[in-house]
Amino acid sequence: MPAAETFRAPAEAYDRLVGRYAVPLAAALIEFARIEPGMRALDVGCGPGALTAALAERLGEANVCAVDPSEPFAEACRTRLPGVDVAVASAEALPFADQAFDATLAQLVVNFMGDPEAGVREMARVTRPGGVVASCVWDYPGEMTLLRAFWDAAREVDPQRAAVADEGAIMQWCGEGELAELWRDTGLRAVRFGQLVVRASYADFADLWSPLLTGVAPSGAFCKSLDDERRAALHDAYRRRLGVGEGPFELTARAWAVAGIVHP
Ligand SMILES: C[S@@+](CC[C@H](N)C(=O)[O-])C[C@H]1O[C@@H](n2cnc3c(N)ncnc32)[C@H](O)[C@@H]1O
């Protein structure tokens with residue numbers, strides 16, 4: 001299944017897997033991108049709406065638009081933020097006029113785009129000259145602990161299938177500086193690159209494990225595809241690698257962030 005298809009899933013499952021990092025990440029991305037009251041902003045690949053909500057809080061719902069190709073996610077975002085204009089659409093074909101926004105952002109999305117160059121070009125097209133286009137992507141090969149430990153455990157229990165599913169190995173734009181190259185190649189100016197580090201809390205390992213069983217996101221889809229014996233082995237290997245168990249714990253996650261200015 002293509003990675004982007006794994007997000008045609010219930011929003012609650014996403015919220016409990018990656019969504020718990022998305023709220024603090026949205027706050028960090030907004031600061032990094034220097035989003036200020038008075039701006040009009042677009043959230044591309046909004047998912048259930050963590051970044052959309054943070055943008056709406058800063059700018060007002062009427063000044064925020066959002067798109068996502070996943071109907072259940074777009075619907076969840078619309079329900080949560082009724083004053084935001086939410087459309088079902090992909091980055092590669094944004095349903096907006098040229099120069100419609102002061103800022104266009106995409107949180108954890110560029111690596112899922114079918115044609116990232118076209119997606120970022122579209123983000124620049126709908127942003128006014130002098131406006132900002134910003135994004136972030138997990139450091140899948142390194143410090144995104146939840147997913148790095150997951151794929152390391154997956155490689156232990158099903159090495160062949162995990163090798164071609166491991167997001168740290170197959171995803172583009174998740175190495176340090178790669179997003180900045182994409183931004184410069186797309187013609188964006190004054191490109192800045194940095195890291196955003198966020199934390200999430202868990203009641204226990206079951207709290208972390210249960211959303212994976214729904215099949216949401218590439219990690220969930222891999223988990224769900226295993227037979228019972230391998231899934232049980234993955235559960236144990238994952239918990240051992242994280243060194244956690246019955247009690248509460250926190251994990252940190254690093255994302256690489258980029259911001260560039262549309263040529264005035
Ligand atoms: C990891 S989720 C991030 C969701 C949200 N931005 C957040 O931070 O929680 C990736 C999102 O990208 C969306 N997506 C996949 N392909 C896309 C594309 N070509 N254009 C825009 N969004 C896309 C998925 O539907 C999904 O909602």
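A residue is taken as buried when its relative accessible area is under 20%, and in this predicted model Ser219 is therefore buried, with a relative accessible area of 1%. Ser219 belongs to helix H11, and, when residues up to four places away in sequence are not counted, Ser219 touches Leu17, Leu147, Phe150, Trp151, Glu167 and Leu212. Leu147, Phe150 and Trp151 also figure among the residues of helix H6 that meet helix H11, and the packing of these two helices is accordingly described next.

Helix H6 spans residues 145-157 and helix H11 residues 217-225, and their axes come within 11 Å and cross at roughly 30°. Because angles under 35 degrees count as roughly parallel, H6 is roughly parallel to H11. The crossing in which H6 passes H11 is left-handed. On the H6 side the contact involves Leu147, Phe150, Trp151 and Ala154, which meet Pro218, Ser219, Phe222 and Cys223 of H11. By class, the residues of this contact comprise seven nonpolar, one polar and no charged. An α-helix has 3.6 residues a turn, so residues three or four places apart point the same way. Leu147, Phe150 and Ala154 of H6, together with Ser219 and Phe222 of H11, are among the residues that take part in this contact.

Helix H6 also packs against helix H12 (residues 228-242), at an angle of about 130° and with the two axes 8 Å apart. The angle places H6 and H12 in an arrangement that is therefore oblique, and their crossing is right-handed. The contact is formed from the H6 side by Thr145, Leu146, Ala149, Phe150, Asp152, Ala153, Ala154, Glu156 and Val157, and from the H12 side by Arg230, Ala233, Leu234, Ala237, Tyr238, Arg240, Arg241 and Leu242. Sorted by class, the contact of H6 with H12 has 11 nonpolar, one polar and five charged residues.

Another helix pair is formed by H2 (residues 19-33) and H3 (residues 50-59), whose axes come within 8 Å and cross at roughly 50°. At this angle H2 is oblique to H3, and H2 passes H3 in a right-handed crossing. Ala22, Val23, Ala26, Leu29, Ile30 and Glu31 are the residues of H2 that meet H3, where their counterparts are Ala50, Leu51, Ala54, Leu55 and Arg58. In the loop between H2 and strand S1 lies Arg34, which has a positive phi of about 60° although it is not a glycine. Arg34 counts as exposed, with a relative accessibility of 52%.

Helix H5, comprising residues 116-125, is mostly covered, with seven of its 10 residues buried. The buried residues of H5 are Pro116, Ala118, Gly119, Val120, Glu122, Met123 and Ala124. The elements that cover them include strand S1 (41-44), strand S4 (101-107), strand S5 (127-138) and helix H9.

Thr186 lies in the loop between helix H9 (178-185) and strand S6 (189-202), and, with its neighbours within four places in sequence left aside, Thr186 is in contact with Glu117, Val120 and Arg121. Thr186 counts as buried, at 17% relative accessibility. A polar atom of the Thr186 side chain lies 2.5 Å from the backbone oxygen of Leu182. Gly187 is found in the loop between H9 and S6 and is partly exposed, with a relative accessible area of 36%. Although Gly187 and Val120 are 67 residues apart in sequence, their C-alpha atoms are 9.7 Å apart in space. In strand S6 is found Ala190, a residue other than glycine for which phi is positive, near 45°. Ala190 is exposed, with a relative accessible area of 58%.

Note on methods
Residues numbered from 1 in each chain as written. Predicted model: local features only at pLDDT ≥ 70, side-chain atom pairs only at ≥ 80, totals over all residues. Heavy atoms only, no water. Helix = DSSP H or I, 4+ residues; strand = E, 2+ residues; numbered from the N terminus. Buried < 20%, exposed > 50% of the residue type's maximum accessible area, 1.4 Å probe, protein only. Polar contact = N/O pair within 3.5 Å; in protein donor to acceptor, adjacent residues only side chain to side chain. Contact = heavy atoms within 4.5 Å. Axes fitted to C-alpha atoms, helices over the stretch in contact; angles between N-to-C directions. Parallel < 35°, antiparallel > 145°, perpendicular 65-115°, else oblique. Left-handed = near helix turned anticlockwise from the far one by under 90°. Nonpolar A, V, L, I, M, F, W, Y, C, P; charged D, E, K, R; others polar.
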